[in-house]
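This report describes selected features of one protein chain. The sequence and the model are shown first.

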Amino acid sequence: MFKIKEDYIVNITSKHIVDDDDDELNLVTFGTYKEKGNKKYIIYKEYDENIPDKFKICIIKIDNENMVTLIKNDIAQTRLILEKGKRHYSPYYTDVGCMTLGVLTNYVDFKTYKDKVVLNLKYSLEFNASLMSINEIKIEATKKPEGDVNTNV
């Protein structure tokens with residue numbers, strides 16, 4: 001079992017534009033924020049809507065002001081590297097198989113405040129050298145008030 005100190009409220013808003021059609025999703029969950037060396041981490045659980053006991057561990061690693069890695073641990077680990085102004089290719093695992101995605105990042109902005117961190121990302125996804133979607137993600141991790149900390153398994 002994997003334990004996460006759930007001392008932060010993690011709010012993720014993502015917007016995806018595909019063929020002039022946009023979709024916005026919002027996720028609110030509990031997680032944590034850590035700093036280790038020069039790297040910063042937002043870690044949270046992403047639950048399956050159909051199976052409430054099933055979850056993926058999601059890690060957002062902020063390497064520097066231009067580079068972020070999005071990691072999802074499930075049956076196989078998915079890792080998207082977002083580096084401002086550069087294209088990276090990453091295997092992306094789904095329920096129906098694995099595909100390789102091209103990721104071109106246009107914008108990375110990470111700010112820390114007293115009890116909150118905010119990460120904004122803008123990037124495009126490509127599949128078979130064709131534009132699949134344009135994406136914007138805003139992630140806010142806000143420290144929970146003292147005495148309101150859970151540790152779940």
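## Basis

The structure is a predicted model. Residue numbers count from 1 along the chain as its sequence is written.

## Strands E3 and E4

Strand E3 covers residues 21–36, and strand E4 covers residues 39–47. The two run antiparallel and are joined by six bridges. Within this pairing, tyrosine 33 is opposite isoleucine 42 of E4.

E3 and E4 make up a hairpin that has two residues between the strands. Glycine 37 sits in that turn, and its phi is positive, at about 65°.

Two of the facing positions can be named here: tyrosine 41 is opposite lysine 61 of E5, and tyrosine 47 is opposite phenylalanine 55 of E5.

On to E6, which comprises residues 67–73. Seven bridges connect E5 with E6, and these strands are again antiparallel. A hairpin links them through two residues. Asparagine 64 has methionine 67 in E6 as its bridge partner.

How much of E5 is covered? Most of the strand is: of its ten residues, seven are buried. Buried here stands for a relative accessible area under 20%.

## Salt bridges

The model contains ten salt bridges. One of them involves the side chains of lysine 15 and aspartate 22, with an N to O distance of 3.8 Å. Both residues are partly exposed: lysine 15 has a relative accessible area of 27%, and aspartate 22 has a relative accessibility of 46%.

A salt bridge also forms between lysine 72 and glutamate 46, whose closest N and O atoms are 3.1 Å apart. Because lysine 72 belongs to E6 and glutamate 46 to E4, this pair ties together parts that are 26 residues apart in sequence. Lysine 72 is partly exposed, at 27% relative accessible area.

Glutamate 140 and lysine 138 form another salt bridge through their side chains, at 3.5 Å from N to O. Lysine 138 counts as partly exposed, since its relative accessibility is 36%.

## Negative surface patch

Which residues form the negative surface patch? The patch consists of Asp19, Asp20, Asp21, Asp23 and Glu24. Patch members have over 30% relative accessible area and no salt bridge.

Is aspartate 20 buried or exposed? Aspartate 20 counts as exposed because its relative accessibility is 84%, and the cut-off for exposed is over 50%. Aspartate 20 is located in the loop between strand E2, residues 8–18, and strand E3.

## Recap

The salt bridge between lysine 72 and glutamate 46 links E6 with E4. The patch residues include Asp20, which lies in the loop between E2 and E3.

Note on methods. Predicted model: local features only at pLDDT ≥ 70, side-chain atom pairs only at ≥ 80, totals over all residues. Heavy atoms only, no water. Patch = residues over 30% accessible without salt bridge, like charges linked within 9 Å, V, L, I, M, F, W, Y side chains within 5 Å. Areas by Shrake-Rupley, 256 points an atom, 1.4 Å probe, with all protein chains shown as cover. Salt bridge = Lys/Arg side-chain N within 4 Å of Asp/Glu carboxyl O. Lys, Arg positive; Asp, Glu negative; His and termini not counted. Charge placed at Lys NZ, Arg CZ, Asp CG, Glu CD. Helix = DSSP H or I, 4+ residues; strand = E, 2+ residues; numbered from the N terminus. Buried < 20%, exposed > 50% of the residue type's maximum accessible area, 1.4 Å probe, protein only. Pairing = 2+ DSSP bridges.
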